[in-house]
Amino acid sequence: MRPRLVLFGDSITEQSFASGGWGAALTDRFARQADVVLRGLSGYNTRWALKVLPRAMEGAADAGADPAAVTVFFGANDASLPDQVQAHQHVTLQEYQSNLRAICASFKERWPSTAIILITPPPIYEPARIRDMYGEDDPSRQPERSNEAAGAYAQACIAVATELNHPVIDIWTKMQEFPDWQTSALSDGLHFTPAGNKILFDEVVKRLASIGFSQERLPSDLPLFHEIDPKDPMKAFGA
């Protein structure tokens, strides 16, 4: 039975199977070794994610086998500014941390052996958010998100991961280490370009390897083509 990797998050997870996406890249990397299961919910914050978690995870695991790992990637919507147009997505820092703890506890109860990898919200490029929301560069407008707020939620996520002893990917910090990250890594000041997806993909691969989930350590499912004897092909299948 192939191990499973479950991706649980907001729109950046939902879009991860698009061309150039980090989820699609994981599927390609672990082809014939593991199945990647997508559970992305565009626009969701941790409050909504916690509410729908049982239903969202229906069918995500094989009966009798816990997934090898699950990524939990929320916070970009929680960090929406409470006095701007997306205020209905806002969740306070305190509740955000409480919800993350509850999501992790739910996964541990459901899948005791599954590794939980938390991912912080990404950085925000405010001018691009204004263009995305209002269709123009209007200095009188205010973005519905800020990089400062996203950074605070990133630190809150890291604190929960440290408290619970779960691996964490600080994509807020990592992405800002790259030149021109505002436009090279982000397509609209929030969502990822192919380059931004590659940054996260590389970090996820590193964290997975740290828990023993790697291309080198996972066996391939079913006989590989070069293992099939041309003179007796069916022998490879136990016939």
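How near do the axes of α4 and helix α6 (residues 147–164) come, and at what angle do they cross? They come within 10 Å and cross at roughly 40°. The model is predicted, so local features need pLDDT of at least 70 and side-chain atom pairs count only at pLDDT 80 or more, while totals for chains, interfaces and linings use all residues. Residues are numbered from 1 along each chain as its sequence is written, and side-chain values use heavy atoms, with hydrogens and water left out.

**Terms for elements and axes**

- Helices (H or I, at least four residues) and strands (E, at least two) are DSSP runs, numbered from the N terminus.
- Axes are lines fitted to C-alpha atoms, for helices over the stretch in contact, and angles run from 0 to 180 degrees between N-to-C directions.
- Two packed helices are described by the angle between their axes and the distance between the axes.

**α4 with α6**

- The crossing of α4 and α6 is right-handed; a crossing is right-handed if the near helix is turned clockwise from the far one by less than a right angle, and left-handed if anticlockwise.
- On the α4 side, Leu93, Tyr96, Gln97, Leu100, Arg101 and Cys104 take part in the contact, where contact means heavy atoms within 4.5 Å.
- Their partners in α6 are Ala152, Tyr153, Ala156, Cys157, Ala159, Val160, Glu163 and Leu164.
- By class, the contact of α4 with α6 has eleven nonpolar residues, one polar and two charged (Ala, Val, Leu, Ile, Met, Phe, Trp, Tyr, Cys and Pro count as nonpolar, Asp, Glu, Lys and Arg as charged, and the others, Gly among them, as polar).

**α3 with α4**

- Helix α3 (residues 46–56) and helix α4 (residues 93–110) have axes that come within 9 Å and cross at roughly 20°.
- That angle makes α3 roughly parallel to α4 (angles under 35 degrees count as roughly parallel, over 145 as roughly antiparallel, 65 to 115 as roughly perpendicular and the rest as oblique).
- α3 passes α4 in a left-handed crossing.
- From α3, the contact involves Thr46, Arg47, Ala49, Leu50, Leu53 and Pro54; from α4, the contributors include Glu95, Tyr96, Asn99, Leu100 and Ile103.
- Nine nonpolar, three polar and three charged residues form the contact of α3 with α4.

- Trp22, Gly23 and Leu26 are the buried residues of helix α2 (residues 22–29); buried means under 20% relative accessible area, exposed over 50%, and partly exposed in between (1.4 Å probe, protein chains only).
- These residues are on the same side of α2 because they cover an arc of only 105° around the axis, taken from the directions from the helix axis to the C-beta atoms.
- The buried residues of α2 pack against β1 (4–9), α1 (11–14), β2 (35–40), β3 (69–73), β4 (115–119) and α9 (194–210).
- The axes of α2 and α9 come within 9 Å and cross at roughly 45°, so the two helices are oblique to each other.
- The crossing of α2 and α9 is right-handed.
- Trp22, Ala25, Leu26 and Arg29 of α2 meet Asn197, Leu200, Phe201, Val204, Val205 and Leu208 of α9.
- Eight nonpolar residues, one polar and one charged make up the contact of α2 with α9.

**Buried single residues**

- Methionine 175 is in helix α7 (residues 171–175) and counts as buried at 0% relative accessibility.
- Not counting residues up to four places away in sequence, methionine 175 touches Pro123, Trp181, Ala185, Leu186, Phe192, Gly196 and Ile199.
- Methionine 175 and isoleucine 199 are 24 residues apart along the chain, with their C-alpha atoms separated by 6.9 Å.
- Serine 11, in helix α1, is buried with a relative accessible area of 6%.
- Leaving aside neighbours within four places in sequence, serine 11 is in contact with Leu41, Ser42, Gly43 and His191.

**Exposed and partly exposed residues**

- Arginine 32 lies in the loop between α2 and β2 and is partly exposed, with a relative accessible area of 34%.
- Phi of arginine 32 is near 70°, a positive value in a residue other than glycine.
- Aspartate 180, in the loop between α7 and α8 (181–184), is exposed at a relative accessible area of 56%.
- Phi of aspartate 180 is near 55°, also a positive value in a residue other than glycine.
- Isoleucine 211 is in the segment after α9 and counts as partly exposed at 35% relative accessibility.
- Isoleucine 211 and alanine 69 are 142 residues apart in sequence and 8.9 Å apart in space, C-alpha to C-alpha.
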